[in-house]
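The following note concerns the aromatic contacts of one model and a set of paired strands. Please read it with the structure open.

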Amino acid sequence: MLSADGMVELDSARNFALKGLTIGGQTYASGGSFPEFTCIDVTGKILRVPCTDERWNVRRDDAGITYACQGLEVSIDYRRTDQDTLRITTRVRREGLWRLLSVGDGGGLLAIPPTQSEEVSFVTCADGGRICRQPTWWRDVRFGSPLQANFVAVLQNGQGLILHPTHHAYSIGFGPRDNQYRMGCEQFFRPTKTAWFAMPLCHEALSLELVPLSDSNADGTVNWVDAGILYRDRYIKPNRDLDPALRDGPSGKLRWKPVPELRATLQRLREEIPDRPISIWMLAPVGPSTDFLPSETLREEWRDLKSDMARIGIRLSPHDNLDDIAPEIAAADPSHIRRNENLGLMPAYRDCFRRSLSDDAHLAAAIKARLGAWSVHRGDTYHIDVFAHSPIEDYCPTLPSTFETDFRRRYDWLAYIHDKRRVHVTSEFLVEGCHEVCDYSWWSLFWNDCAADETRIPLLPVLFLGKTYCGTFNPTAKTWVNHDVPRGHPNVGESLLWGVKVHTDLPDEFAPLYEDQNRYWAEIADKTVDNITLNDGWWSVRYTDGSTLRVLENGGRWEDMQAGHFVFQPTAETDDKR
């Protein structure tokens with residue numbers, strides 16, 4: 001039988017199991033047993049129960065297909081959206097002797113039969129962008145580990161689709177199974193490793209969308225760039241209050257030293273770079289034992305130094321870390337500390353623990369106290385780690401969190417600083433969503449080695465350039481980076497291709513980085529990518545304003561870059577070459 005205006009074929013003889021999908025004119029068979037339910041019973045036993053199981057009492061009505069057993073009722077609803085996408089929503093109606101942990105598809109929501117003439121590729125924004133052609137093994141990927149954006153796309157013969165969970169509590173799997181390629185998604189209603197029957201439900205409903213691909217940039221082909229453009233235009237929201245100083249000048253991280261020494265270092269930076277704003281994230285001598293608050297002496301020194309440097313165009317921010325908590329504080333109040341799947345306190349950096357983001361009273365007081373202690377005012381820049389990190393599950397029995405609920409809490413608190421207090425936020429990793437309230441993610445790109453069936457692609461700039469500011473470390477300043485295999489960071493031209501600014505933690509590198517890379521990056525930081533191609537050993541980027549960038553493929557390490565390894569044409573009339 002057909003459903004969702006002909007987009008879905010269900011097998012009524014098998015409890016309305018998904019049989020096939022028609023998306024964008026392309027028909028896909030189901031490769032698994034959607035829906036397949038993972039449940040926990042009162043004894044703590046984990047059960048994987050496909051929809052075809054005889055124990056289900058199944059009914060079909062306006063709410064979709066409802067599966068009931070042992071007091072658990074779950075409905076599956078298939079809907080065609082106004083944009084001709086397919087939205088599949090799973091909703092928990094009630095729970096009893098069984099409780100729902102997740103809903104999946106037994107290894108494949110859809111199947112793509114391989115052919116000798118048609119290559120099958122999977123595209124992810126993992127580590128800046130990967131395309132997996134004819135994959136040789138099965139992969140399971142989650143948001144933030146390593147996905148920076150909530151989708152996986154599949155391409156075959158100039159057609160394809162995007163699988164997009166509308167939340168973050170998921171795992172997407174793809175690869176070869178049973179002589180065909182499959183792609184599927186498991187959605188988690190409780191933390192993924194829940195083994196306790198009494199764990200509260202985190203989500204009443206979760207949805208995913210299947211979105212057909214088209215030639216988004218009208219270049220005559222449908223490829224990974226089109227997947228990025230479609231996803232960007234439909235789902236990636238812009239940061240509407242980006243800090244122009246982060247774009248227009250160099251930035252980096254320095255350690256706190258005696259104030260006279262710091263003043264001399266900062267004044268030398270001003271002399272070397274006389275006419276550009278400079279942003280510094282300062283690693284001050286504070287930690288979780290003091291709740292990251294400075295001493296009175298440090299506050300006075302900081303306030304005076306920050307004020308004096310602001311007069312000469314240098315902006316200082318503490319390098320903060322909000323949700324770590326010292327052991328002595330955790331021992332005094334363990335009810336608001338994150339817990340792992342064994343219900344033990346969750347360790348964080350060194351010997352401290354992670355505080356639950358649901359502790360509103362603490363977080364509100366901590367943010368207010370820190371912004372005051374560090375003399376942070378409207379329009380200032382403020383660096384805070386952890387809140388833009390990958391989400392973390394919390395198994396606390398009273399305040400559990402999935403990746404989705406944890407992400408929402410991070411977003412809300414970043415938004416409080418960025419939108420309500422009107423302070424420009426910088427943080428560590430780039431993840432979709434947090435970019436809306438984080439002006440600059442200074443670790444957006446850190447290349448890991450590619451598998452044999454993978455190729456690195458510059459998907460990150462297609463998605464995020466013009467929406468937020470992205471950065472990475474200077475490889476010449478970080479001695480722990482292996483420059484060969486894997487090559488941890490891009491060279492100068494590649495950094496521009498991927499749309500990331502390069503910063504450092506060495507004072508001597510600020511001026512060279514500005515001349516070698518930052519001033520070029522500032523020219524493209526607010527642009528939007530229209531197309532990226534690779535021909536004759538050169539990457540070519542066309543932006544929507546008509547400007548172009550060409551970058552030599554495999555140009556070597558940063559230190560090996562020579563003149564002519566990239567060519568940036570900011571307008572049709574000028575040609576600025578390195």
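How many residues lie between β33 and β34 in their hairpin, and which residue in the turn has a positive phi? The points below begin with this.

1. The model is predicted, so local features need pLDDT of at least 70 and side-chain atom pairs count only at pLDDT 80 or more, while totals for chains, interfaces and linings use all residues. Residues are numbered from 1 along each chain as its sequence is written, and side-chain values use heavy atoms, with hydrogens and water left out.

2. Four residues separate β33 from β34 in the hairpin, and Gly-546 in the turn has a positive phi of about 95 degrees. Strand β33 (residues 538-543) pairs with β34 in the antiparallel sense over five bridges; strands are DSSP runs of E of at least two residues, helices runs of H or I of at least four, both numbered from the N terminus, and two strands pair if DSSP finds at least two bridges between them. Leu-552 in β34 is the bridge partner of Trp-538.

3. On its other pairing, β34 runs antiparallel to strand β35 (residues 566-569), joined by four bridges. Here Leu-549 stands opposite Phe-568 in β35.

4. Buried means under 20% relative accessible area, exposed over 50%, and partly exposed in between (1.4 Å probe, protein chains only).

5. The charged end of Arg-550 sits over the ring of Trp-538, 4.5 Å from its centre. That of Arg-177 sits over the ring of Trp-138, at 3.9 Å from the centre. The criterion is NZ of Lys or CZ of Arg within 6 Å of the ring centre and within 35 degrees of the ring normal.

6. Rings of Phe, Tyr and Trp (its six-membered ring) pair if their centres lie within 6.5 Å; planes under 30 degrees apart count as stacked, over 60 as edge-to-face and the rest as tilted. The count by this rule is 22 aromatic pairs. Phe-34 and Tyr-78 are edge-to-face because their ring centres are 6.4 Å apart and their planes stand at 75 degrees. This pair links distant parts of the chain, 44 residues apart: Phe-34 is in the loop between β4 (26-29) and β5 (36-41), Tyr-78 in strand β9 (residues 72-80). Both Phe-34 and Tyr-78 are buried.

7. Tyr-231 and Tyr-235 have ring centres 4.9 Å apart and planes at 40 degrees, so this pair is tilted. They lie four residues apart in helix α1 (residues 224-235), about one turn of the helix.
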